[in-house]
Amino acid sequence: MMKKGVLAIAASVLYLVSAVSGVNAATIKPFKASYGAKASSIPVKGSATRELSVSKDGTYQLSFNADIVLVNLNESSAFMLDDKQQVKPISYHFRRGGLAKNKEINLKFDWTNKQAHNIADDDVKPFAISSGTLDKISYQFQLRQDLINNKKELNYTIADDDELKTYKFKRVGEETIETPVGPVKAIKVERIREDDSDRQTLIWFAKDWDYLLVRLQQIEDSKQYDIYLKSASIEGQQVKTN
């Protein structure tokens, strides 16, 4: 039971934790954020961090690292923005270990030939992608950018292992929520699920903090898991309420 709960929390962290975004490259700000986790309102041992960095050549690196109980998770995406300021992934890496079953994914994107290459040891498996395809972490950057730009349609094509999936979201509204650094005005978003799953995923983005993710909640099988912001810095400055 504990293992199932831990894995659910870890999956939630990876699933939707958002990246910094903006209208153009000049407004995209590097950040680093630290998160804690709760299962049914009980704190869970461990922590997670997310970081966005910008290279001199204009590419972006979004990384996520978590150590929750005995589950280790590492995920990263290198991407650029096209002339329409849409995210265009270059490569994606995922690794899970510890108590959970080990898993590793490496994707390389070939936009000239509209293919993604799933690389496992010496085996390279190409599959077709369409314009606008994202990976499982860079789409979070695009989601945030679309929220900032007040886009109504929040639908994304995701390269997942060696196939394409569609993720859909809707804007629920605005709320003021409590965080360890004070009350925050946030945009609330929910994932739309078209299967029979009873899983509900909600996320909150701080309007005054460059739409930084401040809370994620997942409810499944009558159990509630929460990811919450503990601290963060944007362009090296600690976030705080007025």
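This is a predicted model: local features need pLDDT of at least 70, side-chain atom pairs count only at pLDDT 80 or more; totals for chains, interfaces and linings use all residues.
I'm taking contact to mean heavy atoms within 4.5 Å. On that basis, and leaving aside neighbours within four places in sequence, N102 is in contact with R96 and G97.

**Ground rules**

Residues are numbered from 1 along each chain as its sequence is written, and side-chain values use heavy atoms, with hydrogens and water left out.

**Whole chain**

I looked up the inventory and got two helices and 15 strands. Helices (H or I, at least four residues) and strands (E, at least two) are DSSP runs numbered from the N terminus. For burial I use relative accessible area: buried is under 20%, exposed is over 50%, and partly exposed is in between (1.4 Å probe, protein chains only). Of the 242 residues, 46% count as buried. The protein exposes about 12,100 Å², and carbon and sulfur atoms supply 46% of that. Those areas come from Shrake-Rupley with a 1.4 Å probe; for residues, only the protein chains shown count as cover. Among contacts with a separation of 6 or more, 45% are between residues 24 or more positions apart.

Strands count as paired here if DSSP finds at least two bridges between them. β2 (residues 42-54) and β3 run antiparallel and are joined by nine bridges. V54 has Y60 as its bridge partner in β3. The hairpin of β2 and β3 has five residues between the strands, and G58 in the turn has a positive phi of about 90 degrees. β3 and β4 also pair in the antiparallel sense, over nine bridges. Here Y60 stands opposite F79 in β4.

The hairpin of β3 and β4 has two residues between the strands, and V69 takes a positive phi near 55 degrees. V69 is partly exposed, at a relative accessible area of 35%. Together with L70 and L99, V69 forms a nonpolar surface patch of about 240 Å² accessible area. The patch rule: residues with over 30% relative accessible area and no salt bridge, with like charges joined within 9 Å and nonpolar side chains (Val, Leu, Ile, Met, Phe, Trp, Tyr) within 5 Å.

What does the side chain of N74 make a polar contact with? One partner is the side chain of R95, at 2.4 Å. The side chain of N65 is also joined to N74 by a polar contact of 2.4 Å. My rule for these is a pair of N or O atoms within 3.5 Å; within protein, one must be able to donate a hydrogen and the other to accept it, and residues adjacent in sequence count only if both atoms are side-chain atoms. N74 is in strand β4.

Back to N102, which sits in the loop between β5 (87-98) and β6 (103-110). At 58% relative accessibility, N102 counts as exposed. N102 and L73 are 29 residues apart in sequence, with their C-alpha atoms 9.8 Å apart.

**T133 and α2**

Buried or exposed: which is T133? T133 is buried, with a relative accessible area of 0%, although T133 lies in the loop between β8 (123-128) and α2 (138-148). A polar side-chain atom of T133 is 2.7 Å from the backbone oxygen of S130. Apart from neighbours within four places, T133 is in contact with P89, F109, W111, T157, I158, A159 and L164.

I then went on to α2: 10 of its 11 residues are buried, so the helix is largely enclosed by the rest of the structure. After α2 comes N150, with a positive phi near 60 degrees.

**Salt bridges**

With a salt bridge as a Lys or Arg side-chain nitrogen within 4 Å of an Asp or Glu carboxyl oxygen, the count is 10. D162 and K125 meet in one of them, at 2.6 Å, N to O. That pair links distant parts of the chain, 37 residues apart: D162 in the loop between β9 (154-160) and β10 (163-179), K125 in strand β8. D162 is partly exposed at 29%, and K125 is partly exposed at 43%.

K151 and D146 form another, with the closest N and O atoms 3.6 Å apart. D146 counts as buried at 5% relative accessibility, whereas K151 is partly exposed at 35%. D160 and K165 meet at 2.9 Å, N to O, and K136, D160 and K165 are linked in a network of salt bridges.
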